[in-house]
Amino acid sequence: MTNISREEVGRLARLSNIELSDSETERLQTELANILGYVQQLSGLDTENTPPTYQVTDDNHARRADEVIDYGVSTADLLANAPETQDQQIKVPKVL
């Protein structure tokens, strides 16, 4: 099991902007050590002949063709509904 100190848990708590009681610090110290031990155990696995997993659900996202659909409305008609336009585009305020 990987050891993690109370100071390291305290530093993580400060970085996360949370306050921990002594009992919470002890509990997290144990839990984080268990997590790190598990990750260390996983790093020892031989994955040399294991193919990478790109999609875990076997869901092949169906894609449609990128086609222009003519709805019978001209660009000028659509832009006429906009409160303000510039260079055949709808002008909107800057959002920062």
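Author: One term first: buried means under 20% relative accessible area, exposed over 50%, and partly exposed in between (1.4 Å probe, protein chains only). This is a predicted model, so local features need pLDDT of at least 70 and side-chain atom pairs count only at pLDDT 80 or more, while totals for chains, interfaces and linings use all residues. Residues are numbered from 1 along each chain as its sequence is written, and side-chain values use heavy atoms, with hydrogens and water left out.

Reader: How many salt bridges does the count come to?
Author: Three, where a salt bridge is a side-chain nitrogen of Lys or Arg within 4 Å of a carboxyl oxygen of Asp or Glu.

Reader: Which side chain does aspartate 22 meet in a salt bridge?
Author: That of arginine 6, at 3.5 Å from N to O. Because aspartate 22 lies in helix H2 (residues 22–43) and arginine 6 in helix H1 (residues 6–15), the pair ties together parts that are 16 residues apart in sequence. Helices are DSSP runs (H or I, at least four residues), numbered from the N terminus.

Reader: And aspartate 22, buried or exposed?
Author: Exposed, with a relative accessible area of 56%. Arginine 6 is partly exposed, at 34%.

Reader: What about arginine 27, which residue does it form a salt bridge with?
Author: Glutamate 31, with the closest N and O atoms 3.8 Å apart. Both residues lie in helix H2, four residues apart, about one turn of the helix. Arginine 27 has a relative accessible area of 46% and is partly exposed; glutamate 31 also counts as partly exposed, at 35%.

Reader: Which side chain does glutamate 84 meet?
Author: The side chain of lysine 91, in a salt bridge of 3.7 Å from N to O. Glutamate 84 is partly exposed, with a relative accessible area of 43%, and lysine 91 counts as partly exposed at 40%.

Reader: Switching to H1. Which of its residues are buried?
Author: Val9, Gly10 and Ala13. They cover an arc of only 100 degrees around the axis, so they sit on the same side of H1. The arc is that of the directions from the helix axis to the C-beta atoms.

Reader: Which residues are exposed on the other side of H1?
Author: Glu7, Arg11, Arg14 and Leu15.

Reader: What covers the buried residues of H1?
Author: The cover includes H2, going by contact, meaning heavy atoms within 4.5 Å.

Reader: And what follows H1?
Author: Asparagine 17, whose phi is positive, near 60 degrees.

Technical notes: Helices (H or I, at least four residues) and strands (E, at least two) are DSSP runs, numbered from the N terminus.
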